[in-house]
Amino acid sequence: MTTESQQLDATIVNTILTNVSSAIAIFDSLDQKMLWNNAFFKRLTWFGNAPGGKNAAEVSLWDFFDDRDFDVIKDLLAIGIEYGRSYDFLRRVRRGTNGFFPAELYFYTVGTGENGAPLVCLEVVDISLYKSYDEAGDSRI
């Protein structure tokens with residue numbers, strides 16, 4: 001048996017990615033439209049500020065961030081495209097239309113789309129739970 005992921009059957013890979021407990025979504029780098037997401041991404045973000053919320057027909061990368069963060073996200077996206085990966089250790093991500101949660105962001109280039117533009121994977125790690133544990137630990141001192 002091999003341990004190389006490219007040797008796995010595509011249906012197995014799809015099942016793993018759909019059910020993994022990391023929030024991941026794929027965006028077209030040209031128009032920043034979401035092409036795919038796993039179930040955890042939807043549960044974590046409620047598709048942010050996209051019209052229709054969890055039932056949105058079209059979702060943009062910008063639906064997940066406050067206007068003040070757009071320049072940082074543009075830079076992270078550009079770095080991710082140029083170097084294959086970028087990271088932000090603390091950024092607010094929109095959960096539904098009224099709330100945000102603190103998160104780590106990872107942008108990875110994962111191939112090219114039908115239009116020839118790079119596809120970018122966004123991985124979102126919710127760190128609000130870690131912050132809650134840290135605050136609870138500090139209050140016990």
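Modeller: Gladly! Let us start with burial: a residue is called buried under 20% relative accessible area, exposed over 50%, and partly exposed in between, using a 1.4 Å probe and protein chains only. By that rule, 37% of the 141 residues of the chain count as buried. This is a predicted model, where local features need pLDDT of at least 70 and side-chain atom pairs count only at pLDDT 80 or more, while totals for chains, interfaces and linings use all residues. Residues are numbered from 1 along each chain as its sequence is written, and side-chain values use heavy atoms, with hydrogens and water left out.

Colleague: Where is confidence lowest, and where is it highest?

Modeller: The score to read is pLDDT, the predictor's confidence in each residue, from 0 to 100. Here the chain averages 83, and 77% of the residues score at least 70. Confidence is lowest in helix H4 (residues 128–139), with a mean of 57, and highest in helix H3 (residues 70–83), with 95.

Colleague: How many helices and strands does the chain have?

Modeller: Helices (H or I, at least four residues) and strands (E, at least two) are DSSP runs, numbered from the N terminus. This chain has four helices and five strands, and along the sequence they follow the pattern α-β-β-α-α-β-β-β-α.

Colleague: Which strands pair with S4?

Modeller: Two strands pair if DSSP finds at least two bridges between them. S4 (residues 99–112) runs antiparallel to S3, joined by nine bridges, and nine bridges also join S4 to S5 (residues 118–126), again antiparallel. To find your place, look for Val-93 opposite Phe-101 in S4, and for Tyr-106 opposite Glu-123 in S5. Elsewhere, S1 (residues 23–28) and S2 (residues 34–37) pair in the antiparallel sense over three bridges, with Met-34 in S2 as the bridge partner of Phe-27.

Colleague: What do the turns of the hairpins look like?

Modeller: Check the phi angle in each one. The hairpin of S3 and S4 has three residues between the strands, and Gly-96 takes a positive phi near 70 degrees. S4 and S5 have five residues between them, and Gly-116 in that turn has a positive phi of about 85 degrees. The hairpin of S1 and S2 also has five residues between its strands; there, Gln-32 has a phi near 60 degrees, a positive value in a residue other than glycine.

Colleague: Is Gln-32 buried or exposed?

Modeller: Gln-32 counts as buried because its relative accessibility is 17%. For its surroundings, we look for polar contacts: pairs of N or O atoms within 3.5 Å, where, within protein, one must be able to donate a hydrogen and the other to accept it, and residues adjacent in sequence count only if both atoms are side-chain atoms. A polar atom of the Gln-32 side chain lies 2.7 Å from the backbone oxygen of Ser-29.

Colleague: Which other residue has a positive phi although it is not a glycine?

Modeller: Phe-47, at about 60 degrees. Phe-47 sits in the loop between helix H2 (39–45) and H3, and it counts as buried because its relative accessibility is 5%.

Colleague: Is Phe-89 buried or exposed?

Modeller: Phe-89 lies in strand S3 (residues 85–95) and counts as exposed because its relative accessibility is 59%.

Colleague: What about Leu-119, buried or exposed?

Modeller: Leu-119, in strand S5, is buried because its relative accessible area is 15%.
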